[in-house]
Amino acid sequence: MAALRRQVFDWHRLTPLTWALLTRQTPQPGGQKRTTAFLLGKLMTVSNGGGLEESSFVKPQECAQKPEHTTGLIQRLLEKQKTPVLQEKFVSSLLDMGFSDVHVNELLSIQPGTHPQQMLDIISELILLGLNPEPVCVALKKSPQLLKLPVMQMKKRSSYLRKLGLGEGKLKRVLYCCPDVFTMRQRDIEGIVGVLKEKCLFTVKQVTEILHRCPYVLREDPGELEYKFQYAYFRMGVKHVDIVKTDLLQYPVTKIKQRHVFLERLGRYQTPDKKGQTQVPNPLLKDILRVSEAEFLARTAVSSAEEFEVFKKLFAREEEESEGCVADEESPDEEEEGQKEEQEL
């Protein structure tokens, strides 16, 4: 891993070579020559404003049939396009990082026209965070705007994610579920982290586990996230450790409340007292939330789908009425304040 990191840092310092160095013939396997020439042709076509269709003077079939002409092909490409040698270095660098030919083709098709050094800098940062080539390609395909990020912004966000403990492989799941973690506003991420630490009182280690196991929380409204925690902690009696272990925060609050209240009214769930004791054995959280609705009804609630559907409609009506009562209670205060302001005037 240390050798790979040093290698990545070397790629950051790539400088264009002289034209004379390019014309030298360096012995290498024929397959590598064909790959570099073919991919370089694609890259140069894109850099000149074209799409990823085959360049008129680069045909992979010809390269495969005549490997001895690879060096001549590269020379003709550079003469016609006058493209810096850095582009060839970009392709070979990706291959050295462990990207396959398919990966390189995918990367070239994501953001046509992006400068090779810009792409290389962004990809290098992701590799330094502990990602493998496949997750990098998946993340960039799902969120191609990453390739347009300023390199310094990418470095700062990478540093912040490391401070949160999301380096060395843990970032793979986060990027897969929430690839815009690099493009989100810093204050939005800090807002979610602040709620978990200050409002919900999770430890630093627990916050890292939540972000790793439930990255979708990064997209939630801070107020709704806090309410979800409070419902689980106070209403259901679930402790911090169990909230983290069961990934409870990744589920919609509506689903949590529906299944919890349904079990409660069936007499199959009871909020623990101050000593954590109940008169009935509560089912495990995984048997409440991690299962499908059919399995929940058959094994946990032991009830019918019809009964659950009727309950959900009634419960939704109760929630609406409850919200209406809260709004009515708040409105008199607002009217009184308005009257006071009028009197003062």
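A search of the whole structure, which is a predicted model, finds 15 salt bridges, a salt bridge being a side-chain nitrogen of Lys or Arg within 4 Å of a carboxyl oxygen of Asp or Glu. Because the model is predicted, local features need pLDDT of at least 70 and side-chain atom pairs count only at pLDDT 80 or more, whereas totals for chains, interfaces and linings use all residues. Residues are numbered from 1 along each chain as its sequence is written, and side-chain values use heavy atoms, with hydrogens and water left out.

One of these salt bridges is formed by E106 and K141, whose closest N and O atoms are 3.6 Å apart. E106 lies in helix α7 (residues 101–110) and K141 in helix α9 (residues 133–142), so this pair ties together parts that are 35 residues apart in sequence; helices are DSSP runs of H or I with at least four residues, numbered from the N terminus. E106 counts as partly exposed at 22% relative accessibility, and K141 is likewise partly exposed, at 46%, where buried means under 20% relative accessible area, exposed over 50% and partly exposed in between, computed with a 1.4 Å probe on protein chains only.

A salt bridge also joins K170 and E209, with the closest N and O atoms 3.4 Å apart. The two residues belong to distant parts of the chain, K170 being in the loop between α10 (151–163) and α11 (171–177) and E209 in helix α13, 39 residues apart. K170 is partly exposed at 27% relative accessibility, and E209 is partly exposed at 24%.

The side chains of R290 and D247 meet in a further salt bridge, at 3.8 Å from N to O. Here the link runs between two loops, since R290 is in the loop between α17 (285–289) and α18 and D247 is in the loop between α15 (240–245) and α16, 43 residues apart. R290 is partly exposed, with a relative accessible area of 43%, whereas D247 is buried, with 11%. Together with R213, these residues D247 and R290 are linked in a network of salt bridges.

Aromatic rings were examined next. A pair of aromatic rings is described by the distance of the centres and the angle of the planes. The count comes to 8 aromatic pairs under the rule that rings of Phe, Tyr and Trp (its six-membered ring) pair if their centres lie within 6.5 Å, with planes under 30 degrees apart counted as stacked, over 60 as edge-to-face and the rest as tilted. The rings of F262 and F308 have their centres 4.8 Å apart and their planes at 55°, so the pair is tilted. This pair links distant parts of the chain, with F262 in helix α16 (residues 253–265) and F308 in helix α19, 46 residues apart, and both F262 and F308 are buried. F262 forms another tilted pair with F311, at 5.1 Å centre to centre and 45° between the planes; F311 is also in helix α19, 49 residues apart from F262. Ring pairs link F262, F296, F308, F311 and F315 into a cluster.

The ring of F296 also has the charged end of R259 over it, 4.8 Å from its centre, and K142 lies over the face of Y176, at 4.6 Å from the ring centre. For such an arrangement, NZ of Lys or CZ of Arg must be within 6 Å of the ring centre and within 35 degrees of the ring normal.

The largest nonpolar core has 76 residues, and those with the most contacts inside it are F99, F182, F202 and L249; a nonpolar core is a set of buried Ala, Val, Leu, Ile, Met, Phe, Trp, Tyr and Cys residues joined through side-chain atoms within 4.5 Å. Helix α8 (residues 116–128) gives the largest share of this core, 6 residues. Not counting residues up to four places away in sequence, L249 touches residues including L196, F202, I210 and V217, contact meaning heavy atoms within 4.5 Å.

Finally, the backbone was considered. Most residues other than glycine have a negative phi. L201, however, has a positive phi near 60°; L201 is placed in the loop between α12 (186–199) and α13 (204–213) and is exposed at 59% relative accessibility. V302 has a positive phi of about 50° although it is not a glycine, and V302 is found in the loop between α18 (293–301) and α19 (305–344), where it is exposed at 52%.
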